[in-house]
Amino acid sequence: MNINPLDFSTPAAELNFAGKNVLIIDDYMEMRSIFRDILSGCGAEMKKIHMATNGNEAIAWLKKVPFDIVLCDLILGSGKNGQQVLEEAKYQSLVGPACLWIMITAEKTMEAVTGTAEYQPDAYLLKPVTEASLRSRLVKIWAKKEAFAEIHKAMKQQDYSKAMSLCDQRLASDKAHAADLLRTKCDLLLVTGEYDRAKKMLEGILAERDFPWAKAALAKILLKKNDVDAAKCLLEETAEANPAYLEAQDLLAQTLQVMGDFEGAGTVLERTAKLSPNSVIRQKNLGQVAMKLGKTEDAERAFRKSVSLGENSVLRTADAYLGLAKACSANKNSEQALKVLGQLNKNFAADEVRVKALAVEGLVRQQNGDSEKAKQIADELGQSIGDGNMHPDSEGTLEIARLLMATGDKEQAIRLLQSEIKNNPESATLLRDVAEIFDQAGMGEEGVRLIETSRQEAMLIMNRGVLLISKGQYEEALSAMRDAYAVMPANIRVLLNLAYVIITYMQKNGATSELIDEARHSLQTANELSPGEPRFIRLTAALNELTALR
């Protein structure tokens, strides 16, 4: 690296990092020292400049200190690399948009650059890095960070209305950052669920300039409004014009899966996996689509890659292990499948994961001819659910239903599937998966009837409380939503509607601690099942207002 720490070609007055917390992540002491001296020359105080020699040290620092500036090398020896440090920092909200993050590396391959760019560092600098180039980049990025400082502060405080107002104020005078301000405001509208406003704004932006991010954002809104065909057309257009824009490609693959076009989704995922093969989630998704298509060898390869990549990643997923076990079993390697499930149980301690692993083990045993062991596992899982000792998530419920069907207990399998439909009656993906289970059990036509009956029953129960409250029948509405919750305790809309009815009831009749607790529990449960729902944000704000008035 060609850096002379004593020769500052850019005036220090352009940068003032006094009081800022700095983290330098590099496995070479010389590089850490050079970067420390450069940042010190920019006003950073030595006592506020911290060093990390590897990924684990970096994460430990990020958990302790709110950093303003991070310089991170991509290659950090064994353990986490720089990309994995960045993805974990963002995934766990250890850094926010106000933090300046520069990735530095000698890696020039497309997969390294594209993979890191997915996690949106503020800059990606190739070695050798000159002092002038680093300082120039710092000047440019810091100017943008300062322009957005108040906006980022409001976002951190979840005051999204203020953040949007600040965006509007800056847009009136700051032409240099206009595109980023528009994008930030659109993101805020999506977060708060103001889809109509966001749609109108995005259409106005696209009428003047063809921004790929704006098309992707508009496609998200179309998907929320169930206009899947329009979303698909928009995403295909965006993906064709911008093949390296992986967010649009992944969204297109997701849309095609919702439409049941797994061949198309597989083609898109294969294409993006070539561009950026080191994504834990994308390889897992590729494996799942390959399994749907019966390409079990391709699935095993993708799942194995996801498991390997996830070894040092916060995005490591139990679904990759489960998928790998099922792919191995489908490829007539039950011994390897059981070994993978053993690794899964060592790496993931959550009860819901162990339940899914046990159900998949039962299926592996059944496929390998050990029907006695499979039946034993099925009976154990069925008994636990029947006694109320086990509450599997949606995917776990489907795995157990598959095993029960395979081992002959169709009656309990049907009950489980009907309950799952009622909790997710609007999920096209879930309904397709349930139909597949019925088909595999030789119950195709009967399954279609059961699915539709359960779905219609759920829709009626879900909406009754909201209809009653619109008529001013507050007591009846509250009773109806409590009944709906008893039948569908994992239905997101029921949970949010219950909270809405309670809040509306309290606005009319006054708040009590019992009703506040009930509404808060309902909201928290909904957020655990589906984090980031816009209605959760709005209803929580309304509940907090009621609480403050007491």
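How do the axes of helix H25 (residues 492-509) and helix H26 (residues 513-529) cross, and within what distance do they come?

Modeller: Please keep in mind that this is a predicted model. The axes of H25 and H26 come within 9 Å, and they cross at roughly 155°. Angles over 145 degrees count as roughly antiparallel, and H25 and H26 are therefore roughly antiparallel to each other. The crossing in which H25 passes H26 is left-handed. On the side of H25, the contact is made by Ile492, Leu495, Leu496, Leu498, Ala499, Ile502, Tyr505 and Met506, while H26 brings Leu515, Ile516, Glu518, Ala519, Ser522, Leu523, Thr525, Ala526 and Leu529 to it. Sorted by class, the residues in this contact of H25 with H26 are 14 nonpolar, two polar and one charged.

Another pair of helices can be read in the same way. Helix H20 (residues 394-406) and helix H21 (residues 410-423) have axes that come within 8 Å and cross at roughly 160°, and H20 and H21 are therefore roughly antiparallel to each other. Here, too, the crossing is left-handed as H20 passes H21. From H20, the residues Ser394, Thr397, Leu398, Ile400, Ala401, Leu404 and Met405 take part, and they meet Lys410, Gln412, Ala413, Ile414, Leu416, Leu417 and Glu420 in H21. This contact of H20 with H21 holds nine nonpolar, three polar and two charged residues.

To set the helix pairs beside another kind of arrangement, turn to the sheet. In general, the strands of a sheet pair through backbone hydrogen bonds, in either a parallel or an antiparallel way. In this model, five strands form an open sheet with parallel pairing, and their order is S2-S1-S3-S4-S5. Strand S2 (49-52) and strand S5 (123-126) are the edge strands, each of which pairs on one side only. From one strand to the next, the twist averages 15°.

Conventions:
Residues are numbered from 1 along each chain as its sequence is written. This is a predicted model: local features need pLDDT of at least 70, side-chain atom pairs count only at pLDDT 80 or more; totals for chains, interfaces and linings use all residues. Side-chain values use heavy atoms; hydrogens and water are left out. Axes are lines fitted to C-alpha atoms, for helices over the stretch in contact, and angles run from 0 to 180 degrees between N-to-C directions. Helices (H or I, at least four residues) and strands (E, at least two) are DSSP runs, numbered from the N terminus. Angles under 35 degrees count as roughly parallel, over 145 as roughly antiparallel, 65 to 115 as roughly perpendicular and the rest as oblique. A crossing is left-handed if the near helix is turned anticlockwise from the far one by less than a right angle, and right-handed if clockwise. Contact means heavy atoms within 4.5 Å. Ala, Val, Leu, Ile, Met, Phe, Trp, Tyr, Cys and Pro count as nonpolar, Asp, Glu, Lys and Arg as charged, and the others, Gly among them, as polar. Two strands pair if DSSP finds at least two bridges between them.
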